[in-house]
Amino acid sequence: MASLGVPRGGGGGSSLGLLVWLLFLWPQLCETGPARTGGGGGGVRREAAASPPASRLVSQGTCGHRKMRIIGGMPAPDRKWPWQVSLQINNEHVCGGSLIAPQWVLTAAHCIFGFEEYTVRMGSTLLLPESGMVIPVRDIVCHSFYDVRTLINDIALVLLAHSVNYSAFIQPVCLPEKNFEAETGTRCWVTGWGRQMEDVLPEILQETDQILLRHTLCNKKLQAHLGYRRTLVRKGMICGYHEDLKSPCKGDSGGPLVCEFNDTWVQVGIVSWGIACGRSELPIVYTEVSMYKDWIIDHIIKVSSCASAGFLILSLSLVHV
């Protein structure tokens, strides 16, 4: 989370790509060649969503609940966001992510670099070496139509080397049903270990609330600020802002934007990109998770079916909201 950021972008001569780079890690995004992952037998793959929707094969389960209920405050207390994970390279935090099933993590495609060994740290709000548990990554699947220039389809799935046992500190977040649209004005929460100031990562998980904006209104705000006519925020994206200019920043990418519906926490967005984090009234742009429900289920089933002896590594929870 940040209250500081890069200077505001200028007029039509500014480059959106440069602005995004200043906010987030410049990616060598989801290269199609093989990449080393922590499990030793996987790699970064760009899959096409060729199989038909298979939501009827997914059993309902417990998700989106936590063992304690605390409202407000920074930093985030233990057990408040038990689905939050840290995607790491060489034990260094790179991006956030969210646990959506015992062996699956959801993150942003722009967080994935080729030829790197990834691990996932979870079960703690601290980034200290002895905190939580670290699990190697077996495989990563990026959306086949992810576009580095527009950041369309900025979504990726991470397959862990083994399943995790749920506890008070490790719980999955729920995913919304296909095409569910959270209303403008809904107050949600985003969490992460992103830079706050002087490019320093916090050791403790940070949190801030966000007010949602649908993509059409968000696009108009960014176009007006940058002096652009071309579309910047498209369908499949959703935005959020804070009245006091609090927002995700560099290092928060891939992390979850969650909203509470009927006492259940549902992941509405994935931190994707923004401009001048913490220094501008401009909203942050998130990948809208509900638009990718079929993609998520299809690829979990597809990868799991190839895992071993036909057993599915699948326990994904969807909610009707």
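A residue counts as buried when its relative accessible area is under 20%, as exposed when that area is over 50%, and as partly exposed in between, with a 1.4 Å probe and protein chains only. By that definition, both Cys95 and Cys111 are buried. The model is predicted, so local features need pLDDT of at least 70 and side-chain atom pairs count only at pLDDT 80 or more, while totals for chains, interfaces and linings use all residues. Residues are numbered from 1 along each chain as its sequence is written, and side-chain values use heavy atoms, with hydrogens and water left out. Taking a disulfide as a pair of cysteine sulfur atoms within 2.5 Å, the count comes to four disulfides, and three of these are described below.

**Cys63 and Cys174**
- The sulfur atoms of Cys63 and Cys174 lie 1.7 Å apart in a disulfide, which is right-handed with 100° about the S-S bond.
- Cys63 sits in the loop between β1 (44–47) and β2 (84–89), and Cys174, 111 residues apart from it, in the loop between β7 (156–160) and β8 (175–176); strands (E, at least two residues) and helices (H or I, at least four) are DSSP runs numbered from the N terminus.
- Cys63 is buried at a relative accessible area of 3%, and Cys174 is buried at 1%.

**Cys95 and Cys111**
- Cys95 is joined to Cys111 with an S to S distance of 2.2 Å, and the torsion about this S-S bond is about -90°, so the disulfide is left-handed.

**Cys188 and Cys259**
- Cys188 and Cys259 form a disulfide with sulfur atoms 1.9 Å apart, right-handed with 95° about the S-S bond.
- Because Cys188 lies in strand β9 (residues 187–192) and Cys259 in strand β12 (residues 256–261), the pair ties together parts 71 residues apart in sequence.
- Both Cys188 and Cys259 are buried.
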